[in-house]
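Biologist: Could you take me through this model feature by feature, giving the general idea before the particular case?

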Amino acid sequence: MNYTERKTIESACYDAWKQAEQSSTTASAALSAAIDLKFSARRNTGEAWTQADQKQLDERREYAAAAERKENAARLAYYISADNARRALIEELTGTACEILNKYSGKPYGEKTREKISAEIEARTQYSAYIKSEYCRSTITFYPRAAYNRYANRLEASYYHAAETDPAPILIDNKIQPTAPENWKPDYCDPYKDDGTPDEIAAAVIRAYRAAEAAYKAYQAAQSAYNAIAPTQARRIDCNGPRGLF
């Protein structure tokens, strides 16, 4: 799946998130208004609080909570799709950059060459690009031409060449070395999450979170039970958990 396809999915997820956000805001506002109305009636008329009143508020409260959960899930799906799209974009930019850099292989990376390479990459991608090699890490940094804040919206790919079998640094004695897209990895991106649609993956993340939350609560209960009966001289279980006392 290329960047354009992933960007389309990201846009759809963004729209779904914003719709869910609006629904959640509306539901929360309706709940607050209903509570205010009931309390105002009690203050002004001394009207009793009935079971019907409580039921109505409980229903509104649950509706608002459900809307908030839906919003959270939609936001998570958007984050997943956005990260996938970001990775795909960096990979496509890196492929173009490597193709152009290899045309200059062996040439010094001076100011004129740097500007020519960046201009060629920008003409094809709308991103300028600069390369750097220091210690065991080489980087290509892409700056979007149209962005208001180019630095904040930069993208970066890098590889580490700590072993002799690794690819050569992109610069040796400031001379450009041959390179290939597969040598590079996008920075600040998670691996692709393609085990389903963003909504399905978000649902799996939420299930895993709830399982972890339940396990943690069970651990807290077991921790409290142990600490309640353990002698003072025995090591208590703290937030780091048991540590092989027995």
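Modeller: The expected span of a helix is 1.5 Å times one less than its number of residues, so the 32 residues of H4 should span 46 Å, which agrees with the 47 Å between its end C-alpha atoms. This is a predicted model, in which local features need pLDDT of at least 70 and side-chain atom pairs count only at pLDDT 80 or more, while totals for chains, interfaces and linings use all residues. Residues are numbered from 1 along each chain as its sequence is written, and side-chain values use heavy atoms, with hydrogens and water left out.

Biologist: Which residues of H4 are buried?

Modeller: Buried means under 20% relative accessible area, exposed over 50% and partly exposed in between, with a 1.4 Å probe and protein chains only. In H4 the buried residues are Pro198, Ile201, Ala202, Gln223, Tyr226 and Asn227. An α-helix has 3.6 residues a turn, so residues three or four places apart point the same way.

Biologist: How should I read a nonpolar core, and which residues touch the most other members of the largest one?

Modeller: A nonpolar core is a set of buried Ala, Val, Leu, Ile, Met, Phe, Trp, Tyr and Cys residues joined through side-chain atoms within 4.5 Å. The largest has 24 residues, of which Ile117, Ile131, Ile140, Phe142 and Ile176 touch the most other members. Helix H2 (51–103), helix H3 (111–125), strand S1 (127–134), strand S2 (137–144) and strand S3 (155–160) each give two or more residues to this core, and H2 gives the most, with seven. Leaving aside neighbours within four places in sequence, isoleucine 117 is in contact (heavy atoms within 4.5 Å) with Ile100, Leu101, Tyr104, Tyr109 and Ile176.

Biologist: What lies over the ring of tyrosine 192?

Modeller: A charge sits over a ring if NZ of Lys or CZ of Arg is within 6 Å of the ring centre and within 35 degrees of the ring normal. The charged end of arginine 6 sits over the ring of tyrosine 192, 4.2 Å from its centre, and arginine 87 lies over the face of tyrosine 192 at 5.6 Å from the ring centre.

Biologist: Where is aspartate 173 placed?

Modeller: Aspartate 173 is in the loop between strand S4 (171–172) and strand S5 (175–176), and its phi is near 50°, a positive value in a residue other than glycine. At 72% relative accessibility, aspartate 173 counts as exposed.

Definitions and conventions
Helix = DSSP H or I, 4+ residues; strand = E, 2+ residues; numbered from the N terminus.
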